[in-house]
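Thanks for coming, everyone. Let me put the structure up, and then I'll walk you through it piece by piece.

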Amino acid sequence: MPRDAYIVTIGLEVHVQLKTRSKLFCSCPVRFGDEPNTLVCPVCLGLPGSLPVLNQAAVEKTILAGLMLGCAIPPASKWDRKNYFYPDMPKNYQISQYDMPLCCGGSVPLYDLAYPKDAQNAIVHPGKAVKLTRIHLEEDVAKSTHYAAYTAIDFNRAGAPLMEIVSEPEIASPEEAFAYLVSLRQILVYGDLSDADMEKGQMRCDVNVSVRRRAEDPLGAKIELKNLNSISGVRRALHYEIGRQIDELDSGRPLTQSTRRWDDDLGQTFLMRSKEHAHDYRYFPDPDLLPLETKELVESARRFIPELPHAKRERFERDYGLSPYDADVLASDRSLAGYFETAAQGAPKAKGVANWIINDLLSALNASGLSIAESLLRPEHVRELAALTEEGAISVAQAREVFAILFESGGDPRTIARERGLEQVSDTGALAQFVEQVLAENPAVAGDVRAGNEKSLNYLTGQVMKLSRGKANPRKVAELLRSRVLG
């Protein structure tokens with residue numbers, strides 16, 4: 001059976017570390033990069049007799065995430081103990097939520113630019129939104145680092161507030177999974193809920209994937225993939241695992257529900273264990289934490305709902321006259337969108353500002369490995385640069401010279417253009433002298449212009465530019481030549 005004839009079903013469980021000052025049930029700070037086991041206390045170490053105290057900010061941020069993603073917020077929620085034995089959770093249970101989570105339903109829109117670049121021209125389901133099952137809040141576990149002969153455990157992140165976002169199994173390809181994660185991360189960052197940096201463990205993803213031969217067949221055996229530490233890694237792992245499952249079925253070997261580890265260096269998945277079921281964790285209500293009434297928390301969270309990416313795109317098109325593509329690029333990142341809006345304030349043409357940001361600034365940032373917040377090129381510099389080219393004070397080529405200096409060292413665009421002798425000559429009197437000299441030296445070409453040869457006018461313009469050593473304003477030169485030759 002051809003591989004593309006199989007139906008792929010993917011569901012994602014995304015764990016997001018919320019941006020709070022302290023942990024979920026204690027006052028220990030949440031930070032990345034501190035010395036191991038220095039941000040701990042009896043509560044997050046699970047010592048006997050310690051009691052949890054709920055972090056209200058973490059609950060409000062989880063509810064805000066639900067509101068941004070269109071979830072229903074039940075009037076009550078409760079905390080459960082998820083029981084398992086593993087070194088990363090010393091009290092042998094994790095405080096989580098089971099049957100009464102903070103958020104239910106909702107969806108994640110798959111924005112076109114969220115797809116991998118090589119897939120953006122062949123999106124199978126444009127405008128798709130992947131439904132969510134739930135969003136619940138739980139405490140993070142410690143970080144285990146495995147060495148050849150031992151395992152080191154760092155409890156600094158143990159107890160950090162961790163939001164788990166569970167999708168419905170309706171993602172149909174690795175490319176859709178990629179777009180889902182990019183779109184979700186974008187929304188979370190927009191809400192200032194998390195930096196969602198996968199390299200720092202602030203956003204982690206478990207993937208459930210199955211294949212079946214026909215739509216009427218029941219879902220195939222669910223295989224969970226672990227150890228996925230980048231969005232592109234999720235895509236690679238899915239492509240490999242889907243192919244592996246299809247090969248197994250084509251060979252007549254049945255698939256069983258299991259958990260597999262992805263090795264990004266080898267590009268393969270390896271069996272870890274048979275998959276647990278919910279009853280294996282023996283969930284029961286946590287006796288140390290009361291159920292939570294959410295009404296007041298929802299009202300508090302509503303005040304912080306930001307303008308979402310799709311709404312910002314529409315406004316950029318409407319208010320600034322941008323193309324759908326330009327609006328999509330600029331709205332894809334909250335910092336980038338804010339940078340553009342600051343630069344566009346008072347600009348002669350917002351489109352010109354957008355062009356400088358998209359075509360030049362983003363390329364320079366990518367090449368230098370800098371974020372937009374780290375750039376020396378401020379929004380007002382871009383606005384001034386766009387104005388200089390719009391008014392003809394400098395050419396686009398000259399503006400790019402100024403841009404390179406600004407990006408490297410900062411400064412004022414007009415001052416740099418003047419000090420480097422890049423300003424164009426726009427004075428009619430000065431330009432007229434150049435025009436007269438060129439016409440005197442090229443009478444035959446001037447005759448061709450009178451005969452209707454537009455290319456000859458371009459030639460004369462080029463001669464004036466050469467005579468002025470590139471400083472003449474080419475638009476004004478062309479106007480003067482046309483007026484002088486054609487009357």
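We begin with Asp326, which lies in helix 6. Keep in mind that this is a predicted model.

Is Asp326 buried or exposed? Its relative accessibility is 6%, and the cut-off for buried is under 20%, so Asp326 counts as buried. What does its side chain reach? It makes a polar contact of 2.3 Å with the side chain of Lys351. Leaving aside residues up to four places away in sequence, Asp326 touches Lys351, Asn355 and Ile358.

Next, helix 7. It covers residues 334-344. Look at the N-terminal end. Asp333 caps it. A side-chain oxygen of Asp333 sits 3.0 Å from the backbone nitrogen of Ser335. Just after helix 7 comes Gly346, with a positive phi of about 80°.

Which residues of helix 7 are buried? They are Leu336, Ala337, Tyr339, Phe340, Glu341, Ala343 and Ala344. And what do those buried residues pack against? Five names here: helix 2, helix 5, helix 6, helix 8 and helix 9. Helix 8 runs over 350-368, and helix 9 over 379-390.

Two of those partners also pack on each other. Helix 2 is residues 174-190, and helix 5 is residues 309-320. Their axes are 10 Å apart, at an angle of about 85°. That makes helix 2 roughly perpendicular to helix 5, because angles of 65 to 115 degrees fall in that class. Who meets whom? From helix 2 come Gln186, Ile187 and Tyr190. From helix 5 come Pro309, Lys312 and Arg313. By type, the contact divides into 3 nonpolar, 1 polar and 2 charged residues.

On to the aromatics. How many aromatic pairs does the structure hold? There are 11. Take Phe403 with Phe407. Their ring centres are 6.2 Å apart and their planes are at 20°, so this pair is stacked. Both residues lie in helix 10, which is residues 396-409. They are 4 residues apart, about one turn of the helix. Phe403 is buried, and Phe407 is buried too. There is also a tyrosine cluster. Ring pairs link Tyr84, Tyr98, Tyr281 and Tyr283.

Between Tyr281 and Tyr283 in the numbering, please find Arg282. Arg282 is not a glycine, yet it has a positive phi of about 45°. Its place is the loop between strand 14 (268-274) and strand 15 (284-285). Arg282 has 54% relative accessibility, so it counts as exposed.

Asn92 is another non-glycine with a positive phi, about 70°. Where is Asn92? In the loop between strand 3 (80-83) and strand 4 (93-96). Its relative accessible area is 33%, so Asn92 is partly exposed.

Now a strand residue. His136 lies in strand 7, residues 129-139. Is His136 buried or exposed? At 6% relative accessibility, His136 counts as buried. Its side chain joins that of Arg134 through a polar contact of 3.1 Å. What else does His136 touch? Not counting residues up to four places away in sequence, the list is Ser96, Gln97, Pro101, Leu162, Met163 and Glu164.

Last stop: two pairs that are separated in sequence. Start with Thr38. It is found in the loop between strand 1 (7-17) and helix 1 (56-68). With 45% relative accessibility, Thr38 counts as partly exposed. A polar atom of the Thr38 side chain lies 2.6 Å from the backbone oxygen of Glu35. How many residues separate Thr38 and Asn156 in sequence? The answer is 118, while in space they are 6.5 Å apart, C-alpha to C-alpha.

The second pair is Arg450 and Arg482. They are 32 residues apart in sequence and 9.2 Å apart in space, again C-alpha to C-alpha. Arg450 is in helix 13, residues 443-450. Its relative accessibility is 52%, so Arg450 counts as exposed.

That's the tour. Questions, please.

Technical notes. Residues numbered from 1 in each chain as written. Heavy atoms only, no water. Axes fitted to C-alpha atoms, helices over the stretch in contact; angles between N-to-C directions. Helix = DSSP H or I, 4+ residues; strand = E, 2+ residues; numbered from the N terminus. Parallel < 35°, antiparallel > 145°, perpendicular 65-115°, else oblique. Contact = heavy atoms within 4.5 Å. Nonpolar A, V, L, I, M, F, W, Y, C, P; charged D, E, K, R; others polar. Buried < 20%, exposed > 50% of the residue type's maximum accessible area, 1.4 Å probe, protein only. Polar contact = N/O pair within 3.5 Å; in protein donor to acceptor, adjacent residues only side chain to side chain. Phe/Tyr/Trp six-rings, centres within 6.5 Å; stacked < 30°, edge-to-face > 60°.
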